[in-house]
Amino acid sequence: DELYAAGTCDYYFFGINFILGSMASADQDQLKAIFTQVDELYAAGKSPEALPLLKPYSNQSDNSEVQWRLARLQYTIGKFFTKDQDAAKKLSVEALEAAKKAVAADERSCFAHKWMGIVLGWSSDFEGNKVKIENTYAVRDHFLKAVECNPNDPMSYHLLGFWCYQVAEMPWLQRKLAKVAFGEPPSSSYEEALGHFVKAEQVQPGFYVSNWLYLGKTYSQLGKKTDAREWLSKAAGVKSEDPKDVEAMHEAAVLLAKL
């Protein structure tokens with residue numbers, strides 16, 4: 001009887017574990033389906049429609065995949081869909097919190113570091129030059145980490161190029177503030193920025209309108225007008241309704257008209 005009871009008990013617990021395992025598997029399948037929907041909506045320029053799908057999972061602090069996607073959507077909505085600055089700032093705080101959780105949950109995630117760098121840079125814009133300068137190196141380091149985690153991600157190279165470009169054109173006053181904060185201000189060059197933009201294009205040609213824009217802008221800064229016109233023309237001629245692309249297309253058209 002005892003053996004029978006023990007066997008019955010074992011069978012009972014096996015059944016419970018099987019059911020729990022099946023439920024967990026079903027939850028994971030459902031979450032993967034949500035990720036697919038969210039990624040497709042984001043790629044289509046419909047981040048405001050994607051956020052409500054992911055919000056119910058925002059309490060999964062140890063799930064890097066959830067958290068960096070939240071940061072990405074909150075950043076995109078705040079930067080490209082939100083005109084009210086107070087509302088945008090609120091989204092920047094939420095996005096930064098999600099990005100920090102994403103990195104903490106998986107320090108080897110290219111996407112977590114990439115969006116941490118993007119969101120940290122964006123949130124600093126709301127805090128003034130002092131905070132922006134203080135975060136400069138941290139932003140760069142997250143982009144470097146993203147490249148280290150996935151050398152085949154073109155966006156990480158683009159972001160490094162963007163960082164170099166911004167530092168290269170940093171105004172004199174910001175350089176003075178940076179010298180006070182760090183002793184030695186961040187330094188880079190348009191040549192270094194160009195190397196990253198070219199690398200991004202080599203990894204995946206045509207992946208991002210802004211990469212074409214910044215190739216054009218960087219060549220222009222280096223005095224290479226023919227190359228600048230080539231890339232600005234490509235960026236200005238794109239057909240897209242994605243707000244990120246539209247902004248880049250417009251800037252490219254304006255710059256092209258001035259060359």
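Biologist: Which pattern does the protein chain follow when read along the sequence?

Modeller: The pattern is α-α-α-α-α-α-α-α-α-α-α-α-α, with 13 helices and zero strands. Helices (H or I, at least four residues) and strands (E, at least two) are DSSP runs, numbered from the N terminus. This is a predicted model, in which local features need pLDDT of at least 70 and side-chain atom pairs count only at pLDDT 80 or more, while totals for chains, interfaces and linings use all residues. Residues are numbered from 1 along each chain as its sequence is written, and side-chain values use heavy atoms, with hydrogens and water left out.

Biologist: What volume does the largest pocket have, and which residues lie nearest its centre?

Modeller: Rolling a probe the size of a water molecule over the atoms shows where empty space is left. On a 1 Å grid over the protein atoms alone, a pocket is an open set of points where a 1.4 Å probe fits, with protein on both sides within 12 Å along at least five of seven lines; lining residues have an atom within 4 Å of a point. A volume is the space filled by probe spheres set on the points, which are joined across faces, edges and corners. Here the largest pocket has a volume of about 1,300 Å³. Its lining comprises 46 residues, and Tyr75, Ile118, Leu159, Phe162 and Tyr208 lie nearest its centre. Helix α5 supplies the largest share of this lining, nine residues.

Biologist: Which salt bridge does Arg108 form, and what does the pair tie together?

Modeller: Side chains of opposite charge can pair when their charged atoms come close. A salt bridge is a side-chain nitrogen of Lys or Arg within 4 Å of a carboxyl oxygen of Asp or Glu; the count comes to 11. Arg108 meets Glu148 at 3.1 Å, N to O. Because Arg108 lies in the loop between α4 and α5 and Glu148 in helix α7, the pair ties together parts that are 40 residues apart in sequence. Glu148 also meets Lys145 in a salt bridge (3.5 Å, N to O), and these two residues, three apart in helix α7, are separated by about one helical turn.

Biologist: Is Asp245 buried or exposed?

Modeller: Buried means under 20% relative accessible area, exposed over 50%, and partly exposed in between (1.4 Å probe, protein chains only). Asp245, in helix α13, is buried yet has no salt bridge. The nearest side chain of opposite charge, Lys244, is 6.0 Å away; Lys and Arg count as positive and Asp and Glu as negative, with His and the chain ends not counted.
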